[in-house]
Amino acid sequence: MRHPALRLYTVLSLFCAALGAGASEEPSFEACVADLGARAAAEGIQEPIWREAVAVTTPVPRVLELDRSQPEFTTPFSRYFGLRVTPGRIASGRQRFKDRRALLQRVQQDSGVPGHYLVAFWGLETNFGSYLGKMPLLGSLATLACDPRRADFFAAQWLDAVRLLDRGDLTFDRLESSWAGALGHVQFMPSVYLRYAQDGDGDDRVDLFGSVDDAMVSAGAFLQGLGWARGERWGREVALPEGFDYGLAGRQNRRSLEAWGALGVRQGDGAPLPTAELEAALLVPSGHAGPAFLVYRNFDVIMGWNRSEFYALSVGILADAIAGGAGLSIAPPDDELRLSMDQVSALQQVLVEGGHLTGAVDGLLGPATRAALARAEATLGLIADGHPDARTLAALGLELSPQP
Ligand SMILES: [Ca+2]
């Protein structure tokens with residue numbers, strides 16, 4: 001008997017094939033999941049486990065919708081940060097940090113990762129466990145595993161989820177995740193769960209849903225595995241001198257703290273940079289009107305968890321606030337523009353016509369477009385930070401109505 005959702009999937013596949021979005025020779029979802037089950041069997045997973053896993057794996061069309069949706073507008077750092085690092089979340093984080101001090105100190109000893117970072121991840125991933133995800137894990141993973149774009153990655157995740165069931169770390173009565181298959185208090189993918197999850201509360205079970213202690217110990221182990229440098233910060237807010245060359249910004253441009261100091265970069269409060277022998281890169285996520293940061297190698301470790309600079313900045317700033325820090329010296333500006341893809345395309349067109357951009361007009365505000373914008377700003381006598389603020393766009397002759 002075919003599951004009703006399976007029929008929907010088949011209809012969807014035919015629809016996509018008719019649009020040319022999928023190849024007609026792709027196997028059906030049913031065949032794809034049968035193949036995953038066969039791979040689990042070949043790897044020695046107990047038969048009742050893989051059979052039940054196959055039986056409960058039904059397609060989730062919503063997952064493909066979410067996976068394919070393009071954001072309608074650019075997300076400025078001020079908006080990203082403002083939604084995540086809120087006064088309420090800082091206060092909750094401080095309370096939780098205090099409540100679990102003994103555990104967090106133990107994790108720091110073992111993994112090198114200070115507790116305020118672990119609490120910051122917990123706050124950003126699930127708002128301290130208040131939202132663990134409601135999508136069916138195996139169905140969501142298989143929907144992506146049976147879609148051609150990232151099939152291998154998600155097939156491996158489905159198999160790892162089945163290994164977790166086989167090992168007893170997951171049970172069939174609680175297989176809920178984010179739409180992309182992230183699990184529990186700190187939203188581990190199954191591969192990360194399998195490799196890094198540990199028992200933290202001493203009950204000999206690994207439970208990233210029910211045990212915050214297990215989640216904190218596991219998060220420490222994961223960050224240690226990603227290469228956390230013991231005793232180092234993520235980075236820090238800095239102040240830049242007048243006339244600073246924003247062409248030096250970007251995670252690929254690393255210099256010693258001494259070299260940054262020689263360029264006039266100081267701590268956020270105006271004090272000289274520390275004398276530690278660290279390599280750092282400069283990030284200016286809201287352009288010259290917003291805060292500036294030097295980021296160290298632990299920033300890259302945080303990006304190993306989530307490959308977004310905005311995410312990693314939010315982790316670092318939230319962690320500092322949880323540890324009692326006073327917050328940013330310069331707040332992200334509240335008038336940053338959200339641009340639609342059409343507006344970005346219009347900007348790119350102007351940059352192409354001005355000879356600043358040679359790449360494609362694709363509506364995406366990537367590094368090439370930002371570099372071209374910086375070149376245009378320089379010729380207009382504006383601060384060349386490559387950030388599309390209202391003044392720059394007006395100088396380029398683009399009148400953009402603000403987006404809500
Ligand atoms: Ca446990």
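This is a predicted model: local features need pLDDT of at least 70, side-chain atom pairs count only at pLDDT 80 or more; totals for chains, interfaces and linings use all residues.
**Entry 1: the sheet**

I began with strand 6 (residues 279-283) and strand 7 (residues 292-295), which pair in the antiparallel sense over three bridges. A note on terms: helices (H or I, at least four residues) and strands (E, at least two) are DSSP runs, numbered from the N terminus. Two strands pair if DSSP finds at least two bridges between them. Residue numbers start from 1 along each chain as its sequence is written.

I looked up which residue stands opposite A281 in strand 7, and found V295. V295 is also the bridge partner of G235. Strand 3 (residues 235-239) runs antiparallel to strand 7, and four bridges join them. From strand 3 I moved on to strand 5: two bridges, antiparallel again. There A239 has R266 as its bridge partner.

Put together, five strands form an open sheet in the order 4-6-7-3-5, with antiparallel pairing. Strand 4 (250-256) and strand 5 (266-267) stand at the edges with a single partner strand each, so one side of each has no neighbour in the sheet. A reminder to myself: strands of a sheet pair through backbone hydrogen bonds, either parallel or antiparallel.

**Entry 2: helix 8**

How many of the twelve residues of helix 8 are buried? I found eleven, so this helix is largely enclosed by the rest of the structure. My cut-offs: a residue is buried if 20 or more other C-beta atoms lie within 10 Å of its own, exposed if 12 or fewer, and partly exposed in between, with C-beta atoms placed from the backbone. Among the buried residues are H116, Y117, F121 and W122.

Next I asked what covers them. The cover includes helix 5 (77-84), helix 6, helix 7 (101-111), helix 12 and helix 15 (309-322). I counted packing as contact, meaning that C-beta atoms, placed from the backbone, lie within 7 Å.

Helix 8 (residues 115-126) reaches 17 Å from its first C-alpha to its last, close to the 16 Å expected. The expected span is 1.5 Å times one less than the number of residues. N127 follows helix 8 and has a positive phi, near 50°.

**Entry 3: helix 17**

I ran the length check again on helix 17 (residues 367-379): its 13 residues should span 18 Å at 1.5 Å a residue, and the end C-alpha atoms are 19 Å apart, which agrees. T369, A372, L373, A374, A376 and E377 are buried here. The buried residues of helix 17 pack against helix 16 (341-353) and helix 18 (390-395). Just after helix 17, G381 takes a positive phi of about 75°.

**Entry 4: a helix crossing**

I then took helix 3 (residues 47-56) and helix 10 (residues 151-167), whose axes come within 10 Å and cross at roughly 135°. That makes helix 3 oblique to helix 10. Angles under 35 degrees count as roughly parallel, over 145 as roughly antiparallel, 65 to 115 as roughly perpendicular and the rest as oblique. Axes are lines fitted to C-alpha atoms, for helices over the stretch in contact, and angles run from 0 to 180 degrees between N-to-C directions. On the helix 3 side, I49, W50 and A53 meet V162, L165 and D166 of helix 10.

**Entry 5: two loop residues with positive phi**

Q187 is not a glycine, yet its phi is positive, near 55°. I found Q187 in the loop between strand 2 (176-177) and helix 11 (190-196). Is Q187 buried or exposed? It counts as buried, because it has 26 C-beta neighbours inside 10 Å.

D204 also has a positive phi, about 65°, without being a glycine. D204 sits in the loop between helix 11 and helix 12 (212-225). With 6 C-beta neighbours inside 10 Å, D204 counts as exposed.

L141 lies in helix 9 (residues 137-145). Its 32 C-beta neighbours inside 10 Å make L141 buried. Leaving aside neighbours within four places in sequence, I listed the contacts of L141 as F154, Q157, W158, A161 and G181.

A91 belongs to helix 6 (residues 87-99). A91 counts as exposed, because it has 12 C-beta neighbours inside 10 Å.

Definitions and conventions. Two residues are in contact if their C-beta atoms, placed from the backbone, lie within 7 Å.
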